[in-house]
Amino acid sequence: MSQPQPTDHHDLLPLLLVLGSPTVSVIFGDRFAQRFRILKHSDSSLPFDQFLASPPVRSATAILCAGGIQISADLLSQLPSVRLVVTASAGVNHIDVPECRRRGIAVTNAGDSLTEDVADMAVGLLIDVLRKMSAADRYVRGGNWVAHGNFPLAHKKDSVSYRFYNNICELANDNEVLIICCSLNNQTRHMIDRTVMCALGKDGVIINVGRGEIIKEKELVECLVGGEIGGAGLDVFEDEPNVPQELIGLDNVVLSPHWGVFTLESFEALFQVTVDLLQFLFPNYTTKMEELQSQPDDRPQLLLIVKTLPSNLSPLFDQKFRLVKAWESELPLDQFLKINASSVRAMIASHATSVNADLLQLLPALRLVVTSSAGVNQVDLAECRRRGVSVANVGNAYSEDVADMAVGLLIDVLRKVSASDRYIRHGFWKVKGDFPLAHKLGGKRVGIVGLGSIGCEVGKRLEAFGCTISYNSRSKKPSITYPFYSNVKELAENNDVIILCCSLTDETHHMVNKEVLSALGKDGVIVNVGRGALIDEKELVRCLVGEDIRGAGLDVFENDIASNVPEELFQLDNVVLSPHAAVLTPESFEKAASVMIANLEAFFLNKPLLTPVSNP
């Protein structure tokens, strides 16, 4: 009597036809194989038409397809058993939906499992275009900071309330930025054409995380090259993976290889959605100032050691003060100051001007130092107090833009925006295929060091992304509900990201050291928009090269001049570099100039300073 043959349980699993190479099936292939019998043309030696005609494929009741695979009437006619098409994308423009409906085939997409990460990418691209982060990263890596000095100013945009437009041209005409998130269909194909771009204007920016064909790509290229719009952030293209060569050389464009959804978290969510769907199928002041300004020869003197004011803002100071410009003289500084500045009562100090005992000794009449920065580590506060010299900074003039940069650097590190831009520009998308997975921002635990004005703005922005915020500061703030850690090491142990926003003092110098970086761990990210010397830079470089932490976004460096950026960082894709550019927007400079002038006017009118700095 013959023995019964053991049952192959794998043969009992539902048949799933996988067309193309959906990334979710590549990453979670083993987990799909535990639930379904997978049929892939890449596993067969048959030509594609013969593969489709094979009995197992004709018996398949469900299709899982990549976003670029056409599910046409002709294909469906060869698959009589199919009752469900699942696309691993949010868009369904590659599927003949009417034909599916006619055949009684359900169609489903990724739902909102990809929404957060695509939104993160859209914001990242927008910040990158406006703040020129990829261009700044290339600027540092290419040695241009040393050769050409500071990176050009970038731009910020103010937020506005939502308003509805039923006409895309009117929407473009009334906005500075267009972010394309819609699906592709006959109505939306090429809806962004030259007419819309002209309505957007020379300062306008386009972000596309929808589909490439929504934009007339040739006209977009012409407008970008011709300066008819300000810039673009593109995650999708009309003929992927072919990217117009004209875009590769443009610094007002950020390119991403259709990568908005490429995070492990997105694909985890998509895997679960796909499995669930498939398993469901199978069971007074003014008057005094007017008097002061009416006597131009009596304008008070204002000393500037180095060129501090942008050329467009210098006239604002010139109207009110007699500028004593030390950098324009060929004399040694000490001689110039003895001859020209012995009676100067106020000066502006940039972050590059060291206001120490030696300088103060050369300025016996000085009574006010106004810094053009928020930080005052360049000023010897104790010596100023001893000499009766008041100090004022720019207050929170830069806070919003520095916070934007901190968030932008974090998104860039996690989502590898700059690295993916290089990936396209170097031609790797065609040669090597999809860019590696990145990491999502939502849900990250973020520890902020220094919860002042900048730190609060960072926290406000990251809360909107779904991040959990905690902080370290000199003392706990009673009005703040974020968890407080008195020790930076403990903050690092309990967070995925550390963002440095604090000032540099003797106490904070090298506060992020080997111990803190070890506590942050291999999945940790550090972002520094404070001062470079807050971090032990040699230790940071060692950790990044050795992958002891995940990555870093650095706007400042320990020896904060161009020639001293560690060269080891230039070759790392887990680092985003910015040439101390967090505050470099016209809007920030205008606001800072307004604060500096207000402090100077208050001083010369014997009124309280607006933003005094407490002397120790």
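Tutor: Let's begin with the domains. This is a predicted model, and the chain is divided into domain 1 (15–108), domain 2 (169–255), domain 3 (303–393 + 591–605) and domain 4 (398–584).

Student: What does the whole chain look like in terms of box, helices and strands?

Tutor: Its C-alpha atoms fill a box of roughly 110 × 60 × 45 Å along the principal axes. Inside you'll find 27 helices and 20 strands. Of the 616 residues, 52% count as buried.

Student: Let's pick two domains. How far apart are the centres of domain 2 and domain 4?

Tutor: Taken over C-alpha atoms, 31 Å separate them. The two domains do touch: 12 residues of domain 2 are in contact with seven residues of domain 4.

Student: How do I put a number on an interface like that?

Tutor: The size of an interface is often given as the accessible area lost when the parts come together. Here, about 800 Å² is buried between domain 2 and domain 4, and carbon and sulfur atoms give 62% of that area.

Student: Which residues of domain 2 lose the most area to domain 4?

Tutor: Look for P241, I248 and L255, which together make up 59% of what the domain 2 side buries.

Student: And what about salt bridges and polar contacts between domain 2 and domain 4?

Tutor: The salt bridge count between domain 2 and domain 4 is zero. For polar contacts, the rule finds five residue pairs across this interface, with both residues at pLDDT 80 or more.

Student: Which elements supply the domain 2 side?

Tutor: α13 (245–248) and β9 (253–255) each supply at least two residues to the side that touches domain 4. β9 gives the most, with three residues. Sorted by class, that side of domain 2 has nine nonpolar, two polar and one charged residues.

Student: Now a single helix. How should I read one?

Tutor: An α-helix has 3.6 residues a turn, so residues three or four places apart point the same way. Take helix α26 (residues 537–545) as a case: its buried residues are E537, E539, L540, V541, C543 and L544.

Student: What covers the buried residues of α26?

Tutor: The cover includes α25 (514–520), β18 (525–528), β19 (551–554) and β20 (575–577).

Notes. Residues are numbered from 1 along each chain as its sequence is written. This is a predicted model: local features need pLDDT of at least 70, side-chain atom pairs count only at pLDDT 80 or more; totals for chains, interfaces and linings use all residues. Side-chain values use heavy atoms; hydrogens and water are left out. Domain bounds come from an automatic or database domain assignment. Contact means heavy atoms within 4.5 Å. Buried area is the accessible area (1.4 Å probe) that two parts lose on being put together, summed over both. A salt bridge is a side-chain nitrogen of Lys or Arg within 4 Å of a carboxyl oxygen of Asp or Glu. A polar contact is a pair of N or O atoms within 3.5 Å; within protein, one must be able to donate a hydrogen and the other to accept it, and residues adjacent in sequence count only if both atoms are side-chain atoms. Helices (H or I, at least four residues) and strands (E, at least two) are DSSP runs, numbered from the N terminus. Ala, Val, Leu, Ile, Met, Phe, Trp, Tyr, Cys and Pro count as nonpolar, Asp, Glu, Lys and Arg as charged, and the others, Gly among them, as polar. Buried means under 20% relative accessible area, exposed over 50%, partly exposed in between (1.4 Å probe, protein chains only).
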